[in-house]
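Subject: Structure for you to look at

Hello,

Here is the structure I promised to pass on. Please open it and keep it in view while you read.

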Amino acid sequence: MRQTTIYVGLNDAESHVQEHNTEKYLSVLKTVCHAYRVAFSVHVIDGGYFHEDGSYVEEKTLALTLMDIPKDTVAEIAKDLCSFFHQESVMVTDSAAEVYFIKENFS
């Protein structure tokens, strides 16, 4: 099984500040996942990075985790989020994942 994570920063590409509250971005992300009919989990994380000019930026980032979704669908979702969140780019990681479920028997 494949595990893919799409990291979407919340600072606007031009203004370099977060334009809306985090809940609004989460709502948009959930709507996108619903439209693509994919199961997902999302985490709000704090991160930082360096621009090409060397300046350092900290921002909130949404980490969207998808399991066993075709790469072309992942690319479409990533492009939509990049556009909707007005980002220069989004980061995608993809790796093999060993997945298993544990159940408890109830009497």
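Below is what I found, topic by topic. Keep in mind that this is a predicted model.

**The two helices**

Start with helix 1, residues 22-36, and helix 2, residues 71-84. Their axes lie 11 Å apart. The packing angle is about 150 degrees. Angles over 145 degrees count as roughly antiparallel, so that is how helix 1 and helix 2 run relative to each other. The crossing of helix 1 past helix 2 is right-handed.

Which residues make the contact? Helix 1 supplies Val28, Leu29, Val32 and Tyr36. Helix 2 supplies Thr73, Glu76, Ile77, Asp80, Leu81 and Phe84. Sorted by class, seven of these residues are nonpolar, one is polar and two are charged.

**Leucine 81**

Now zoom in on leucine 81, which belongs to helix 2. Is leucine 81 buried or exposed? Its relative accessibility is 0%, so leucine 81 counts as buried. Leaving out residues up to four places away in sequence, leucine 81 touches Ile6, Val8, Leu29, Val32 and Leu64. Take Leu29 from that list. Leucine 29 and leucine 81 are 52 residues apart in sequence. In space, their C-alpha atoms are 7.2 Å apart.

**The cysteines**

How many disulfides are there? The count is zero. Cysteine 33 is in no disulfide, and the nearest cysteine sulfur, that of cysteine 82, is 15 Å away. Cysteine 33 is buried, with a relative accessible area of 0%. Cysteine 82 also counts as buried, at 15% relative accessibility. The cut-off for buried is under 20%, which means that both values pass.

**Two backbone angles to check**

Most residues other than glycine have a negative phi. Two residues here go the other way.

- Arginine 37 has a positive phi, near 60 degrees. Look for arginine 37 in the loop between helix 1 and strand 2, which spans 41-50. Arginine 37 counts as exposed, at 76% relative accessibility.
- Aspartate 68 has a positive phi too, of about 55 degrees. Aspartate 68 sits in the loop between strand 3, residues 56-67, and helix 2. With a relative accessible area of 47%, aspartate 68 is partly exposed.

Best wishes

How values were computed:
Residues are numbered from 1 along each chain as its sequence is written. This is a predicted model: local features need pLDDT of at least 70, side-chain atom pairs count only at pLDDT 80 or more; totals for chains, interfaces and linings use all residues. Side-chain values use heavy atoms; hydrogens and water are left out. A disulfide is a pair of cysteine sulfur atoms within 2.5 Å. Buried means under 20% relative accessible area, exposed over 50%, partly exposed in between (1.4 Å probe, protein chains only). Axes are lines fitted to C-alpha atoms, for helices over the stretch in contact, and angles run from 0 to 180 degrees between N-to-C directions. Helices (H or I, at least four residues) and strands (E, at least two) are DSSP runs, numbered from the N terminus. Angles under 35 degrees count as roughly parallel, over 145 as roughly antiparallel, 65 to 115 as roughly perpendicular and the rest as oblique. A crossing is left-handed if the near helix is turned anticlockwise from the far one by less than a right angle, and right-handed if clockwise. Contact means heavy atoms within 4.5 Å. Ala, Val, Leu, Ile, Met, Phe, Trp, Tyr, Cys and Pro count as nonpolar, Asp, Glu, Lys and Arg as charged, and the others, Gly among them, as polar.
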